[in-house]
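Here is a briefing on helix packing and ring contacts. Keep the sequence and the model at hand.

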Amino acid sequence: MNQFPAKSSSQCQSLEDSNSWLPSIESLSMDDFWMEVENMKQTDELKQEDGCVTEAQIPEEGEAEAQWLQDTGLADLIGAPTPDTDNRALLSTLTKTQAAAVQRRLDTYTRSIRRKNKPPVRDVRDIFGTFDSGEVLAERVDAEEKWTQLNSRPAESPPVADYPGCVEYPCPVPSSGKEEIFSTDSAYSEQAALLQKRTLPPESKWIKGKGSLPKFRIPKGRLGVTRIGDLSQQDMKKIPTLALIELTALCDILGLDLRRSKAGKWKSTENQLFGVPLSTLLETDQKVVPNTQVPLILQALLSCLEKRGLDTEGILRVSGSQTRIKILQQKLERDFYAGLFNWDDVHQNDASGLLKRFIRELPTPLLTAEYLPAFTVVQNIPDLKQRLQALNLLILILPEANRNTLKALLEFLRKVASREKNNKMTLWNVSMVMAPNLFMHKGQPHRIPEGKGKQLAEGAADVVRAMIHYQDLLWTVSSFLVAQVRKLNESSSWRHQFYDRRIKNFLRKIHTDKDKGNKTSGEPSKVVKIQAALLLKDCLEVHLHNGTKAADVLKQFQRHLCSNSWNVMNTVSPVQCNGPVESSNLLLYEVGGNISEHCLDPDTYLLDLYHTNPHGEWVIKQSPTLPRTL
């Protein structure tokens, strides 16, 4: 059973500790956490039901590494004489710290197999040493050299040497009155290695009282910021693998043990809503509302609470009637999909009870059984910025259904905290109440040392608070991950086009010489064609210069959309206007080349993007949902 220990009187007292990272005022809300646990106990939510759920288990040494290699798509490296082409492409994109993380897992797996008297697997140095520079792209050579340099150090020690491709920046003390920079241009693990070399491990100094959370800003590079949803599903499928490797590398640098649990088995239920896997719910809901990304029952609960519960004092904290909640749950199971359930009859506190019960009764945790321990480990990272980096990677690793459902929940919780003056629920109160519902699951083992209950409860609430407060930052795809996706796509495209080694080497040389020439000339401008098939008859020729942004093209396009002609650089093209279109509803997409499809940030500098992906096409589309803020 994964229950937190029973609340003691000492745990309910506010502790004045000058070294504590929790605000003293917010420490008083520890009662909220333990009251929520008691409510969960009263409804038997924490008791394991026979035949429904078997407790998840921590895998043994070697088994965990094998599963990790399977999750990252590198399982074929085990015992293989040479890495296949897909593995070679992935390995060639890794940074030094990421390659070191792969090496440590393979070494650990090798040792565990040898201890079990099984045939030894091929040494990782042999695997990486089989790369032939004549068979890989020019940009892969640098990755191979990094790996060779890395192997001169012990595999157990994270590398801390200089990384020329990493942006160096200091790790300032978090302050409520200062905006901090959250860099995504270089790998988080590379940043951590640099900081480890230059300074002692950072320690957060939290300012007590309200507003102690600092502001973070992602500096927009020349290619803008990529958010979850901007990339196509084809490209997003590559992100979890890269994010898992990077998260493992970051935890290695920080000295954290990143463990993955084995999901427990669950028995199917006759229910249609509660206790049903998210994937099953969405499959049913999409027959009712095509393309829905969040379960309809959750949308209905959140809508009910937003309409009548945001200003209710103690919402989420004050428990509704357990008898009424049970009756409402039975009515929902019977009448929800038939459209016969009357939400006007639901009391606000009962609706919040249904919301929390829906989350708790999921067959597996919303944060997933596999990675819930990793979310728990995040609280042990002392530096807030690095904590957010780890959370960002974990969000990207989550299955799409879990990630979308979590985002809907966090958006609602942020609205609750924003009405603090009316509902008396601060961000910390909300986090304390929701932490048990997200981190305590009947199928998840959680052994807590005696006397550590308060510390772990506060840590879990702090993770929830960070996810609520920084959700916009966490739902971005780091620039270095997008760059790795581009490299993988280039490798795939190149592999299917060329087969003769001599031709490949010759073309690579031509391409390299051409790139050098382009860089030397510093091309100041470029004329490109932009497609808008649903809006215009012909392609548009647009003159790009160093200052041209995606937003500029969209605004210019909208201005001329209904005019008789489009005049750019004295080039006139006929325009067919199919109706009024607002510029805020227009989006510019990058399609093809080294990316499948990418919705561009309005602040993307298009000439830089052209140099990054010269073989891609640009397409203007109308926003399928809400317009992206310019």
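Which residues of α13 are buried? They are Ile325, Leu328, Gln329, Leu332, Glu333 and Asp335. The model is predicted: local features need pLDDT of at least 70, side-chain atom pairs count only at pLDDT 80 or more, and totals for chains, interfaces and linings use all residues. Residues are numbered from 1 along each chain as its sequence is written, and side-chain values use heavy atoms, with hydrogens and water left out.

- Helices are DSSP runs (H or I, at least four residues), numbered from the N terminus.
- Helix α13 covers residues 322-335, and its end C-alpha atoms are 20 Å apart. This agrees with the 20 Å that its 14 residues should span at 1.5 Å a residue. The expected span is 1.5 Å times one less than the number of residues.
- Buried means under 20% relative accessible area, exposed over 50%, and partly exposed in between (1.4 Å probe, protein chains only).
- An α-helix has 3.6 residues a turn, so residues three or four places apart point the same way.
- The cover over the buried residues of α13 includes α12 (296-308) and α14 (348-360). Contact here means heavy atoms within 4.5 Å.
- Helix α12 has 13 residues and reaches 18 Å from first C-alpha to last, close to the 18 Å expected.
- Buried residues in α12 include Leu296, Ile297, Leu298 and Cys304.
- Among the elements covering the buried residues of α12 are α11, α13, α14 and α17 (400-418).

**Aromatic pairs**

- Rings of Phe, Tyr and Trp (its six-membered ring) pair if their centres lie within 6.5 Å; planes under 30 degrees apart count as stacked, over 60 as edge-to-face and the rest as tilted.
- The count by this rule is seven aromatic pairs.
- Phe274 and Phe358 have ring centres 6.0 Å apart and planes at 80 degrees, so they pair edge-to-face.
- Phe274 sits in the loop between α10 (239-254) and α11 (278-288), and Phe358 in helix α14, so the pair ties together parts 84 residues apart in sequence.
- Phe274 is buried at 0% relative accessible area. Phe358 is buried at 1%.
- Phe336 and Tyr337 also pair edge-to-face, at 5.3 Å centre to centre and 70 degrees between the planes.
- Phe336 is buried at 14%, whereas Tyr337 is partly exposed at 28%.
- One aromatic cluster is formed by Phe182, Tyr188, Phe216, Tyr470 and Phe480.

**Charges over rings**

- A charge sits over a ring if NZ of Lys or CZ of Arg is within 6 Å of the ring centre and within 35 degrees of the ring normal.
- Arg105 lies over the face of Trp68, 5.8 Å from the ring centre.
- Arg222 lies over the face of Tyr605, 3.7 Å from the ring centre.

Methods: Helices (H or I, at least four residues) and strands (E, at least two) are DSSP runs, numbered from the N terminus.
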